[in-house]
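Have the sequence and the model open while you read.

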Amino acid sequence: MSGSAALEYGFPSTHSTNAVSVAVYALFTLNHPSSTVSPTTKILLEILSYTYATSIIIGRVYCGMHGIFDVFVGSVLGAALSVLECLYVNEFDNFIQEGSFKALSIVILIICVLVRIHPEPADDCPCFDDSVAFAGVLCGIEIGNWHYAQSPLSWDFPVPATVPFHLEVLGWPKTIIRICVGVLCIVAWRSVMKMVLLKVLPPIFRIVERLGLSLPRRFFKQASEYDNVPSHLKTDNIMPSVSEFPNLFSSIRHPRRSRSISIGPQSEADAYEALAFRDRKRRESISSIGGTSLSWNSNVKQDGNTKDYFKHTKTSSQPTGTSTAIFLPQGKPTIDTSGSQNWSNTSVFTPLTPGDTAGNANGYARTPSQIRRQDEREEKEIFSKLVKRRVRYDVEVITKMIVYSGIAWLAVEGNPILFHYLGLGLDGVPIS
């Protein structure tokens with residue numbers, strides 16, 4: 001695995017962590033004494049769990065995204081977290097739901113600290129945004145469960161803070177209305193709060209920055225470097241906005257019309273990976289040439305005949321500091337160096353590509369300086385084709401945290417309370 005891939009895909013492998021944690025949780029649930037799954041179904045689901053985790057782990061190594069040690073530690077971490085969840089989930093829930101506000105504050109503080117110390121990737125990838133959204137949802141769930149568990153509207157069975165629901169009592173009409181009202185509340189919250197926070201937070205961040213308390217992060221512009229956040233800014237790549245719903249439905253009806261194919265490097269890490277692959281192929285070509293040396297014959301006329309362009313010499317080893325031309329599949333010659341940067345008087349070249357004419361400058365092996373210039377042009381072309389990074393603002397992190405915390409709170413407490421007062425809920429007593 002190259003160094004650029006190691007920058008983009010870090011240690012440990014979170015894909016392996018997630019896959020193993022899901023598989024272990026599924027296996028624990030299937031083998032729990034309270035499980036009512038039939039033996040045949042149980043075996044099939046166990047095989048599916050093993051296959052899922054194994055395919056993810058092997059796939060990360062096969063695709064060159066991680067090394068063996070990355071996926072090993074990621075798998076151990078996932079298994080350990082899942083075991084802790086299965087063994088101590090009731091104790092943790094009781095600690096939150098039956099504890100004081102101090103216990104809840106400690107959990108929220110730990111989540112915020114983890115967001116702050118999140119590693120900075122080599123690229124402006126969405127992994128940090130995903131982590132912030134996940135942390136926000138976790139905060140909202142814990143706050144909602146803690147408060148809703150103390151409400152007379154919640155059920156204590158099967159677990160505290162259970163939302164009262166019974167399809168046979170409510171019926172399908174009320175159930176559908178509950179779903180529509182709940183979704184509308186979440187969409188309205190997201191649209192309004194994101195707009196308000198992006199307007200209100202920049203002045204606050206500037207004051208914090210002047211006090212020397214700002215915590216700058218890579219790829220994010222600090223509040224002192226901009227006046228305001230554009231209203232049309234697309235700050236969320238996780239949940240689509242209301243204006244994007246028509247295009248989303250259209251892409252579902254006509255998937256081929258909106259389907260795009262990405263060709264070539266898509267990020268800086270991809271570009272460095274492509275350049276590293278090019279250099280590695282050159283070194284392999286040089287080593288495969290071995291001791292064969294082809295020198296330039298300056299006495300040949302440029303008449304299009306490639307027969308005597310080079311004189312062939314068999315040497316025991318390739319001279320130090322010489323260069324070798326390598327013809328890629330497209331027939332474009334490039335040169336790589338071996339040894340020091342001090343070029344010898346005689347350069348070693350491979351013959352011309354078939355079909356080149358004498359009048360074509362590419363028909364001759366080039367000097368090291370020409371090759372370096374071509375390499376610079378290739379690198380500039382690769383990086384120029386990358387998608388330009390949009391400007392990211394420091395207030396987006398807090399905005400995303402608050403918005404997704406509110407979404408989770410609405411799901412576990414806000415909407416159920418609203419349903420109760422709209423006549424769409426049930427009494428706070430379980431129905432037998």
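Predicted model: local features only at pLDDT ≥ 70, side-chain atom pairs only at ≥ 80, totals over all residues.

Residues are numbered from 1 along each chain as its sequence is written, and side-chain values use heavy atoms, with hydrogens and water left out.

**The whole chain**

The chain has twelve helices and four strands. Both kinds of element are DSSP runs numbered from the N terminus: helices are H or I with at least four residues, strands are E with at least two. Of the 432 residues, 34% are buried. Here buried means under 20% relative accessible area, exposed means over 50%, and partly exposed is in between (1.4 Å probe, protein chains only). The chain exposes about 26700 Å², with carbon and sulfur atoms supplying 63% of that area; the areas come from the Shrake-Rupley method with a 1.4 Å probe, and for residues only the protein chains shown count as cover. Take the contacts (heavy atoms within 4.5 Å) between residues at least 6 apart in sequence: 71% of them join residues at least 24 apart.

**Helix 2**

Helix 2 covers residues 14-30, which is 17 residues, and reaches 24 Å from its first C-alpha to its last, close to the 24 Å expected at 1.5 Å a residue. The expected span is 1.5 Å times one less than the number of residues. Its buried residues are Ser16, Thr17, Ala19, Val20, Ser21, Ala23, Leu27 and Leu30. Helix 3 (39-62) and helix 4 are among what covers them.

Two of these residues give a closer look. Ser16 is buried, with a relative accessible area of 0%. Leaving aside neighbours within four places in sequence, Ser16 is in contact with Ile56, Ile57, Arg60, Val71, Gly74 and Ser75. Ala23 counts as buried at 7% relative accessibility. With the neighbours within four places again set aside, Ala23 is in contact with Ser49 and Ala53. Ala23 and Ala53 are 30 residues apart along the chain, yet their C-alpha atoms are separated by 6.3 Å.

**Helix 5**

The 16 residues of helix 5 (residues 101-116) should span 22 Å at 1.5 Å a residue, and the end C-alpha atoms are 23 Å apart, which agrees. Which residues of helix 5 are buried? They are Ala103, Leu104, Val107, Ile108, Ile111 and Val115. These cover an arc of only 135° around the axis, so they sit on the same side of helix 5; the arc is that of the directions from the helix axis to the C-beta atoms. The face turned away from the buried side carries the exposed residues Lys102 and Leu109. Cover for the buried residues of helix 5 includes helix 4 (68-97), helix 6 (127-148) and helix 12 (395-421).

**A salt bridge, and the cysteines**

The structure holds one salt bridge, meaning a side-chain nitrogen of Lys or Arg within 4 Å of a carboxyl oxygen of Asp or Glu. Arg392 forms it with Asp129, and the closest N and O atoms are 2.5 Å apart. Arg392 lies in the loop between helix 11 (368-384) and helix 12, while Asp129 is in helix 6, so the pair ties together parts that are 263 residues apart in sequence. Both Arg392 and Asp129 are buried.

As for disulfides (pairs of cysteine sulfur atoms within 2.5 Å), a search of the whole structure finds zero.

**Single residues by accessibility**

| Residue | Relative accessibility | Class |
|---|---|---|
| Cys63 | 52% | exposed |
| Cys180 | 43% | partly exposed |
| Gly99 | 22% | partly exposed |
| Ala161 | 8% | buried |

**Loop residues**

Gly99 is found in the loop between helix 4 and helix 5. Beyond its neighbours within four places in sequence, Gly99 is in contact with Asn94, Trp146 and Gln150. A cis peptide bond joins Phe157 and Pro158, with omega about 0°. Ala161 is in the loop between helix 6 and helix 7 too, and its phi is near 70°, a positive value in a residue other than glycine. Most residues other than glycine have a negative phi, and most peptide bonds are trans.
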